[in-house]
Amino acid sequence: MTREELESTHPLYDSLRDEWLFHVRSYFGGKMYKEGNYLLQHPFESSANYGRRKSTSYYYNYCGPIVDIFVSHLFRKDAQREYGSLSGDSLFRLFLSDADLEGNTFRHFMRDAQRFASIYGRVSIMVDKPQALPVTRAEAEEYGIRPYVSLVTPENLLDWSFARLPYSGRVVLDSVKVKEAPDTYRIWNRDGWELWQAVNGTGEIRLTDAGWHGLGEVPIVNLYNKRSGVRMAGVSDIQDIADINRNIYYLCSDAREIIENTAFPMLAVP
């Protein structure tokens, strides 16, 4: 594998990445939104004036409350889930109380997952397990060696492929490539995984780790906010209001500029 192949992305990813980033920045606002460079520079505006106007711009965030209200209504009552024989399992109860190994219960993890699905239109939930192999169940409980979940947002899931199973005709994920950190990529398939790292300043890449999970499927589940009819692409709850919010952002900056130029007139020689 070459570095170009490791860093390559799916065509759908290339077409939707800017939209995903626009939606998440519209939700969080603040510095993240300003760094998105969504304030247009006028054709005859100097770079200095544009920089000043950008630094003094302000963003009325209407996208954040919309998503929060939707998610609040969805999770006002606990979902009724049937766990069957797992209900009395001690390791499963540990999972429910700390689903992502970061102190978040499964309910709170799913609430956050739905919040980001509402923003992006689709997020992915990865199921993984520590590589340590406990000798006994007591050791597994003592050291917390059990499956956990992690959230993968669309801009970090770079590539994917699907396959149709010959015996059932069902379409399943065949492989995914996730960017876990700068220059660090993990590739999952239906049998195992590989961890690759690109060396800064060179074209070299290294296979730093690999493993076999034996599940027969990629351990990832896609959570769609709304189906778009295209695999791996969902519909965001703020796809329309985000554009309106951006237009308000423009108008507020233009209005401030007009007020300043009117309040502080200066004689200029052309």
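Which residue in S7 is the bridge partner of alanine 198? In this predicted model, the partner is isoleucine 205. Alanine 198 belongs to strand S6, which covers residues 192–198 and pairs with S7 in the antiparallel sense over 7 bridges.

These two strands are part of an open sheet of 5 strands, arranged in the order S3-S4-S5-S6-S7 with antiparallel pairing. The edges of the sheet are strand S3 (157–164) and strand S7 (205–212); each has a single partner strand, so one side of each is left without a neighbour in the sheet. From one strand to the next, the twist averages 15°.

Arginine 186 lies over the face of tryptophan 193, at 4.8 Å from the ring centre.

The next topic is how aromatic rings sit against one another. A pair of aromatic rings is described by the distance of the centres and the angle of the planes. The structure has 15 aromatic pairs. One of them joins phenylalanine 28 and phenylalanine 116, with ring centres 6.4 Å apart. The planes of these two rings stand at 40°, which falls between the limits of 30 degrees for stacked and 60 for edge-to-face, so the pair is tilted. This pair links distant parts of the chain: phenylalanine 28 is in helix H2 (residues 11–28) and phenylalanine 116 is in helix H7 (residues 106–120), 88 residues apart. Phenylalanine 28 has a relative accessible area of 40% and is partly exposed, whereas phenylalanine 116, at 15% relative accessibility, counts as buried.

A second pair is made by phenylalanine 92 and phenylalanine 95. Their ring centres are 6.0 Å apart and their planes are at 25°, so this pair is stacked. Both residues lie in helix H6 (residues 90–97), 3 residues apart, which is about one turn of the helix.

Technical notes
Residues numbered from 1 in each chain as written. Predicted model: local features only at pLDDT ≥ 70, side-chain atom pairs only at ≥ 80, totals over all residues. Heavy atoms only, no water. Pairing = 2+ DSSP bridges. Helix = DSSP H or I, 4+ residues; strand = E, 2+ residues; numbered from the N terminus. Axes fitted to C-alpha atoms, helices over the stretch in contact; angles between N-to-C directions. Phe/Tyr/Trp six-rings, centres within 6.5 Å; stacked < 30°, edge-to-face > 60°. Buried < 20%, exposed > 50% of the residue type's maximum accessible area, 1.4 Å probe, protein only. Lys NZ or Arg CZ within 6 Å of the ring centre and 35° of its normal.
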